[in-house]
Amino acid sequence: MSTTGASADPLAALGSLPGVAESVESVRKAVDRVYGHRVMRRRSTAVTSEAALRGARGSAALSGADWALEEVRRRSDFGADDQALAVGAALRLTAEAGQLLSIWRQSPLRVLARLHLVAAADEGDAVGRPRQAGEPVDEPLIELELPTADEVTGRLDGLAQLIVAGSSAPALVTAAVVHGELLALRPFVSRNGLVARAAERVVLIGSGLDPKSVCPAEVGHAELGRAAYLAALEGYVSGTPEGMAAWITHCGRAIELGARESTAVCEALQRGAA
């Protein structure tokens, strides 16, 4: 995303794109339905825990490790193969996201480095820092052209400046831009998709839209499917108003589906079935 142009608040300007305001309102209603459920008044911690598990499962699925929820729930060893490593990384990131809120607004690049360190702790010297010129990127499910290391540095700095400066943009818009920019840049040598979705979670929690983290967008992204996810990402990368709007509304739909999932969890808890 370009941070230049006439608008002093480019994130807020995206809120006026066709369909975005309607998506923002729809997301707010979906989130409010979860928070208004009677189970949230006494068992919100249980809903948060279940949302974290389901969100991690969804994020791992988008990175090629599409495990059944019960398999994720019962496993304790996540070091056996590439899929297990991806699931383990997704679980660690989901747990970590809520611990980084106080740092995010002051130093988003530190948070991103921390997220990569958590996701890829055993992957060598390149962990926890942006990739350097000539370093390969292991992100086989995203086949878009890879920006250069210099472009990554410049655009990450621009993104960080937007976050630190603050914006009047709705949380959905900011979360979608952070998510899309990290997927487009793939700033690390590995686990970029997992980190991008965790960063989206950080924004949604920290913005106050989903402070208890009970509306896992990762669930919705997985439910919508990898093909739709990548098609929407291509719209973001195009930089056109139509493409940006399509990505933002796609992310909005994912949050709505995550909220629906947690509403179902609330209903199950109310019935004593979970």
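At the start of helix α5, a side-chain oxygen of D81 sits within 3.1 Å of the backbone nitrogen of Q83, a polar contact in the sense of an N or O pair within 3.5 Å, with one atom able to donate a hydrogen and the other to accept it. The model is predicted, so local features need pLDDT of at least 70 and side-chain atom pairs pLDDT 80 or more, while totals for chains, interfaces and linings use all residues. Residues are numbered from 1 along each chain, and side-chain values use heavy atoms, leaving out hydrogens and water.

Helix α5 covers residues 82-97; helices here are DSSP runs of H or I with at least four residues.

The axes, lines fitted to C-alpha atoms over the stretch in contact, come within 9 Å and cross at roughly 20°. That makes the two helices roughly parallel, a label for angles under 35 degrees. Contact (heavy atoms within 4.5 Å) involves A86, A89, A90, L93, T94 and A97 of α5, plus L194, V195, A198, R201 and V202 of α10.

Most residues other than glycine have a negative phi. R186, between α9 and α10, has a positive phi near 45°, and counts as buried at 3% relative accessibility.

Definitions and conventions
Expected span 1.5 Å × (residues − 1). Axes fitted to C-alpha atoms, helices over the stretch in contact; angles between N-to-C directions. Parallel < 35°, antiparallel > 145°, perpendicular 65-115°, else oblique. Buried < 20%, exposed > 50% of the residue type's maximum accessible area, 1.4 Å probe, protein only.
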